[in-house]
Amino acid sequence: PMAWQPLCGCNAPCRVMDATEAAWRKTPGDATSAMEEFGFSELWKLKTTNTLATLAFALSETKQDVVITGAIPRAERMALLALLVAQHLAEAAPQELVLLLAPYGDVRLQSIEQSAKDEGLRKHLAKVRAQTLAGSPHEVLQKLLRGQRDARTVSLVVVEGLPIDATEKRALQKLLLLLPSKRRWGPTILWHREPPTGELQVMEAALTASPARLKTSNALHGAQEQVRLVPESLAAAAKLVAQRLARRQSVAIFTTRPQKMMTEIGKLVPDETLERARLRIMNAASHKWRETDGIFDVVIHVDPPPNPSEYFLRLGSCKQLAMVFMDVTKYRHGVEAERGVERLGNEWVEFAFYAMDPATGGDAHRLRQLCRGEHFEKTRLSQSFQKDFHAEDDKELIWTAGVAETDTGLIFDAGL
């Protein structure tokens, strides 16, 4: 509908497919007002997903199954799913149960509740936690088998990424056998990082029926998001550029070192190839993506984006591969150097906590170790405990447990 098109524009690219007409009976303003009854998006900390949340809220209100596809920051992803659960429970009976299949789901919900500063928001989150069985498929299955809750009372199933681990796949299959047959448990809300293929499509079909599809960021054009840890990002990027230009693919590169980048590319790509190639180099720190910038087969970051919102806009311009090359070096002096300890370039530290989500294989393990080291450095006693202590009027030093969003939330969102 025309009224909703601005929400799917270049400033917050989203695409909705297969939604029923009921989803568009309200205006975007009506949907926003309804969503704000559960707390403003700022309170839910939906910084990069505000538009996505409005669309998802409008779709899920119709009780149609919803499949959300695209990269979303991990903490915001859980907040969005919690908001949609709160929306469902507002009209649910006290005995109804929600299944939230998500890694560390219970702890992450607790972190959101503890960090909430608005009383109304805390009430909604308390209800979400009371009527939600959260965790991995295996954890939720075990709780149901032990009789902690009754699977027959399930009225909503929420899945944060279909499992790829064999144990979790089997647990999901057994879990479905406990639920009311023929998907009679009510709606399903499902999130994918990338469009599913093969076995994941089969699992999706077992959980959903004629779902509305909401696509954002890398999923807009079906791009795969990857992260690689390398000793020299410019050289690694130049090698990838040479391979892709040889296939006559278009490439966009984001870097703060354009001259050095071109020098590395020039070592591998002939001048005649560069002359006819669609190759664009933009400033990673300052360029603001516009719809007129176009769509590229490959989007490469060799320096970090200025903020998550800009990064996801750039992902929405990619058709095949969105690659991030992060510089990792070894310490040159001290005990760390003797042990061969690695460290991230300082400019990558903030982005690294997000990058653990799409990283895979050995790079995922290395990145967790690197982030653990960075978190340790940021939380030494002389710094971290200062904010956990405060002096009362009598000058007695009182310790409190800290703030979940900066302590527990950071640790678990980092996967530590």
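Two residues are in contact when heavy atoms of theirs lie within 4.5 Å. In this predicted model, residues 24 or more positions apart account for 73% of the contacts in the protein chain with a separation of 6 or more. The protein chain holds 18 helices and 15 strands, and of its 416 residues 48% are buried.

The description may start with an open sheet. Seven strands form this sheet, in the order S1-S7-S2-S6-S5-S3-S4, and their pairing is mixed. The edges are strand S1 (14–17) and strand S4 (132–135), each of which pairs on one side only. On average, and with direction ignored, neighbouring strands of the sheet are turned by 10° against each other. In general, the strands of a sheet pair through backbone hydrogen bonds, in either a parallel or an antiparallel manner. Val98 stands opposite Leu156 in S5.

Helix H4 connects the sheet with the helices discussed next. H4 lies across strand S2 (66–69), S3, S4, S5 and strand S6 (188–192), and runs at about 170° to S5.

Helix H4 (residues 74–89) also packs with helix H3 (residues 50–60), at an angle of about 30° and with the two axes 10 Å apart. Angles under 35 degrees count as roughly parallel, and H3 and H4 are therefore roughly parallel to each other. The crossing in which H3 passes H4 is right-handed. On the H3 side the contact is made by Leu52, Ala53, Ala56, Phe57 and Ser60, and on the H4 side by Leu80, Leu83, Leu84 and Gln87. Sorted by class, the contact of H3 with H4 has seven nonpolar residues, two polar residues and no charged residues.

Helix H3 has a further partner in helix H1 (residues 28–36); the axes of H1 and H3 come within 9 Å and cross at roughly 90°. Since angles of 65 to 115 degrees count as roughly perpendicular, H1 and H3 are therefore roughly perpendicular to each other. H1 contributes Pro28, Ala31, Thr32, Ala34 and Met35 to this contact, while H3 contributes Asn50, Ala53, Thr54, Phe57 and Ala58. The residues of the contact of H1 with H3 divide into seven nonpolar, three polar and no charged. Ala53 and Phe57 of H3 take part in the contact with H1, and Ala53 and Phe57 also belong to the contact with H4.

Two individual residues complete the account. Ile112 is placed in helix H5 (residues 105–115). Its relative accessibility is 17%, and because the limit for a buried residue is under 20%, Ile112 counts as buried. With neighbours within four places in sequence left aside, Ile112 is in contact with Met78, Ala79 and Leu125. Ile112 and Leu125 are 13 residues apart along the chain, and their C-alpha atoms are separated by 7.9 Å.

The second residue, Ser233, is found in helix H10 (residues 233–246). Ser233 has a relative accessibility of 0% and therefore counts as buried. Leaving aside neighbours within four places in sequence, the contacts of Ser233 are with Arg257, Val302, Phe325 and Asp327.

Notes:
Residues numbered from 1 in each chain as written. Predicted model: local features only at pLDDT ≥ 70, side-chain atom pairs only at ≥ 80, totals over all residues. Heavy atoms only, no water. Axes fitted to C-alpha atoms, helices over the stretch in contact; angles between N-to-C directions. Helix = DSSP H or I, 4+ residues; strand = E, 2+ residues; numbered from the N terminus. Parallel < 35°, antiparallel > 145°, perpendicular 65-115°, else oblique. Left-handed = near helix turned anticlockwise from the far one by under 90°. Nonpolar A, V, L, I, M, F, W, Y, C, P; charged D, E, K, R; others polar. Pairing = 2+ DSSP bridges. Buried < 20%, exposed > 50% of the residue type's maximum accessible area, 1.4 Å probe, protein only.
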